[in-house]
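Hi,

Here is the structure I promised to pass on. Have a look at it first, then read my notes below.

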Number of protein chains: 2
Amino acid sequence: MPLDLSHLFSTEVKARSPSKLKTIASHRATPDIAFLGGGLPLPSYFAWDTLSATTRKPPFEGGLPASVTASNELSFTVTKESDELDIPLSKALQYGTPKGPTQLLDYLVEHTNKIHSIPYNDWEIITTVGSTQSWDSCIRVFCDPGDTILVEKYAFTSALETAVPQGVTTLTMEMDDSGIIPEMLEEKLAKIKSSGAKLPKLIYTVPTGQNPTGSSMPFERRKAVYDIASKYDIIIIEDEPYYFLQLDQYVKASERTKPTHVSSEEFIKSLVPSFLNLDVDGRVVRLDSFSKVLAPGSRLGWMTGQTAILERFLRVHETSIQTPSGFSSAMVYGTLARWGQDGFLDWLQALRHEYTYKRDSAIDSALKHVPSVAEVHIPIAGMFFTISFDTTKHPEFKTKYNSDPLALEKDIYETTIQKNALLVPGSWFEVLEEGEKPSTNIFFRATYAATNVEVLDKGLERFGAAIKQVWGL
Amino acid sequence: MPLDLSHLFSTEVKARSPSKLKTIASHRATPDIAFLGGGLPLPSYFAWDTLSATTRKPPFEGGLPASVTASNELSFTVTKESDELDIPLSKALQYGTPKGPTQLLDYLVEHTNKIHSIPYNDWEIITTVGSTQSWDSCIRVFCDPGDTILVEKYAFTSALETAVPQGVTTLTMEMDDSGIIPEMLEEKLAKIKSSGAKLPKLIYTVPTGQNPTGSSMPFERRKAVYDIASKYDIIIIEDEPYYFLQLDQYVKASERTKPTHVSSEEFIKSLVPSFLNLDVDGRVVRLDSFSKVLAPGSRLGWMTGQTAILERFLRVHETSIQTPSGFSSAMVYGTLARWGQDGFLDWLQALRHEYTYKRDSAIDSALKHVPSVAEVHIPIAGMFFTISFDTTKHPEFKTKYNSDPLALEKDIYETTIQKNALLVPGSWFEVLEEGEKPSTNIFFRATYAATNVEVLDKGLERFGAAIKQVWGL
C-alpha cells in the first residue's frame, strides 16, 4: 500500500471535487435508456469518416531513419467502427474521459510493467498533452504560493518558468556529470529542518540525459536521493523525456563497432532503473512523453503514480485540457498496437543506435576542434552535451572581463554567432538562490539531435575557432 | 487602439516573461548557420511518413449526416514536405510555437474577418486545446485568489469547477430565455461599486445556445451588457461553442417547410453579432472551438482578443499546453483548406439544418408528451432545451416535499430514471450566492444532440409519464 500523502496537496486541488454532472454517465449503460443527458454530437456529424497513417514495420534492425520501402511500409486506416487494433473514430473523435482512451492506457500499463517494477499495486496511468503540461499540473496539484521546490542547479528554463510565476520558490540541488549529489542534498535539507523552515514539497529532476547538462544519474544516486525524499517527506517528480535515449558507451572512433541489435529483454535490462522502480512509499510521479521518441507534435504524454495522487490530477485535467487529441490517440495507438510491445521497444532500440551515432560524431568533432582550455562532457543519454570552462583561468579574466564569468560567457556566445554557429550559454539555465552569485565555471550546451553530422562538425569547428579567438590561442 | 487593460492581469501572469531561450530562435534563419541550440528531433526520426483523412466535399446542400459516396468523398494525404493546402508533417509533428501553426491561424483570421467586424485593428488569434482549457487560462490570466467573477445564474458546472478552486468567488447574473438581464446586472454592479467592494474582474457568458438553459442573447442585450462591462471596467469572456448552431425559428410541424440553402453572405447575415463585434475597448476575449462543429476529439480551439492580452495567454500556454496536437492541426487545416472559407460556412449551414430538425423533433415530442404543469422553452440555438416547473404549484409541495423545490426535483429525476430516461436537474447548474436559497422554479435540461429522433421521442414520452406520476395526473 502506498502512503497517504494527501497532506502535500495544494489548496486548489483540495478544493476540487468530481462533477455531479459526471454521475449521470453511469446511467448511460442502462439497456434501452433514453439518455437526454449529455451534449455529445452524434458521431455521424463528425467531419471525418476515416483517418490513415503510413509508418514502418518492425523490426528496425537496420536503424533509423529507415527509408520507407514496399517491404517495410505499414499503413493502416481507422474508421468510425471498432476494431481490435484501433480506437474507433466514433470514440477517438468524441469527448473522452480525462484519464485517456482505455486501449492506449492498457498498452501503456503493459509497457510500464515491462520497464518498471513498481513495488506497490495501487498505481495508475493517465494521459496528458505532453510533459510540459504534466509539470504545470504537478505545481497546481502540490504547491501553494510560498511553497518551495527543489530543482537541479542547472534546469530547463521552461520548467522553471512553469513553476516560479505560480509563486513557488526554487532551492537548488548541486549536481555533477552523474546528476544530483545526494550528500549535498541531504545536508541542505538537514539545515532547513533544523532551522524550522518549511521543507520543500517537490524534488523536480530529469534523471536521464538531463537538459541542459546531459548528465545521467546512476542507480546508486537515484536510490540515495529516493531515501532522502522519503526521510524528509518530499514528492519526487521524475521527468523522463530522454529515458529511452540511453546510449551505448562512447569509445574512440578506431575502436567503434557496428551496434548489435539485442532482444527486448536485453534492451530493458540495459536501462538504468527508474525512481518509480524504487518507489515503496508511492511518492514518485513519473512523467513520460512520446515527443522525443515518436514525434513532438503528438502532444501526447502520460503520468504514472499512486492512484490517490493521480485522481487529483484528473480533477485538474477535466477542467482544463480534458483529454489529449483524439487524432493523436488514434494514430499513436493504431501504430503501437500494430507494432506490439516488442515492436515499440525495437523502435526505441533503433533510436538508441541512431542517437549513439550522433553523440559519437558530436564528441569526435568536439574533441577534435575544441582547444584544451575547455572540457568536453560526454553524455550517456539524451540529446545534449556540454563544453565547460574555468573562467578564472582565462588570462584576461580579471582585466578584460572584470572577473565576471558572464561577461566572458557572453563574449564566447557572440563570437560563436559571428562565426555562424550557435550553442546555448549555460548561465541561461543556472538557478541561483537568493544572494547567490553565478558560478565561475561556465559551459555551453550543444545538441546533436537537430542536425546532421556534417553540420554538427561544422558547428563545433566554428565554436572551437571562437574559443581560440576569445582565449587568444 | 484597444485600451490598456493590463491592470486587470493576475499576479501569476504579471510575473511571466518570455523565455531567454526563445531568443535563439531568431538566429535559426541565418543562412548556413550551424545551429546546435534547440533539442528538436530530426523529422526523419518521426514515426509517421504520411497521414490521410477522408471527409466530404462541399457543397453540403443535402444536409448532414451525408453518406459518403464516390462523388462527394474528399480524401487527402499530408506528407513531410510542404504543400500549399497542408501543414507539412515536418512542421505539424515538430515542436510548434504556442500561437499555433501559421496556415491555420491565417485561415482563422480570414474566417474571423468574414464573421465578426472587430472595431479595432490590433487583435490576434491564438490556438488552444479547446475552450475548457481556454477558460482555465482566462482565470489564470486575470484572477488572483479572492477576486470575483460574474457568471450566469445557471452555468455549465465544469466552467464553475474550473474557476472556483482557483480561489475566485462567483457572483451571478440573472437571466431569462434571452440570457443575461442587463438591468439587473447594472443594478448589482452599482450596488457593489457604491459599497466600495472590489468589482468583478470578468463576465463569463455563453451568449448563444447557453448551457444549460438553451437561452440566446439578442443583439440589444449584448450591446447593453457590453456597455455595462465598459462602464465598470470588466473583461468579457464570450464562450461560444454553439455560435454556429443558430437555428431556424421553430414553427408548428404542419407549417414546416424544407430548409433553403442560402449563400455564405446570407448565412453570415443571419447570425447574431458577437460581443467581439461590439468591442471598441478591446475588453472581449472570445473562445471558439471545433468541438461542436467538426469533432470534439480534435481538442482544437482558438481565442480572439487584443494582442497585448493574448500575449499573456501565450506565456501561460508555452509553459503548459505548448500548442495543439499536430495531428489535429494537420487534419483540421487540410480539411478546411480544401473546403475553403465558403465550404466551411456551407458545412456550418448544413449543421444548422440538421440541428434545426433535431430541435423541432424534440419540441414536437415535448409539447406532445409533457403535461401543462410544465413549460417547454424553445431554444433558437445550441444543443439544449429546458422544461421548467413552478414547484409551489405542486399540490403536495408543502406537505410531501416540505416546501423544498430540490426534493420535488429529485423525485422527478428519479422517477424519470425508473421509467428509463434521463434528463439533468437544473439545480445542478444553479449558482447560489452566499446565503441564497435555491429557486422554487426548477427545470430539467435535455439535449437533442446526442440521440436520434426516435430515442428523443421515447425519452420525452417517459419524462412526461414521470411528471404525470409525480403530479398525480
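A salt bridge here means a side-chain nitrogen of Lys or Arg within 4 Å of a carboxyl oxygen of Asp or Glu. Glu430(A) makes one with Lys153(A), and their closest N and O atoms are 3.3 Å apart.

Some housekeeping: this is a predicted model, where local features need pLDDT of at least 70 and side-chain atom pairs count only at pLDDT 80 or more, while totals for chains, interfaces and linings use all residues. Residues are numbered from 1 along each chain as its sequence is written, chains are lettered from A and ligands numbered from 1 in the order in which they are written, and side-chain values use heavy atoms, with hydrogens and water left out.

Now the bigger picture. Chain A is split into domain 1 (6-37 + 84-342) and domain 2 (383-471), with bounds from an automatic or database domain assignment. Their centres, taken over C-alpha atoms, lie 32 Å apart. In the contact (heavy atoms within 4.5 Å) you'll find 20 residues from domain 1 of chain A and 16 from domain 2 of chain A.

How much area is buried between the two domains of chain A? It's about 1400 Å², with 59% from carbon and sulfur atoms; buried area is the accessible area (1.4 Å probe) that two parts lose on being put together, summed over both. Lys153(A) turns up again here: with Tyr154(A) and Pro212(A), it supplies 38% of the area that domain 1 of chain A buries against domain 2 of chain A, more than any other three residues. The rule finds 3 salt bridges across this interface.

Cheers
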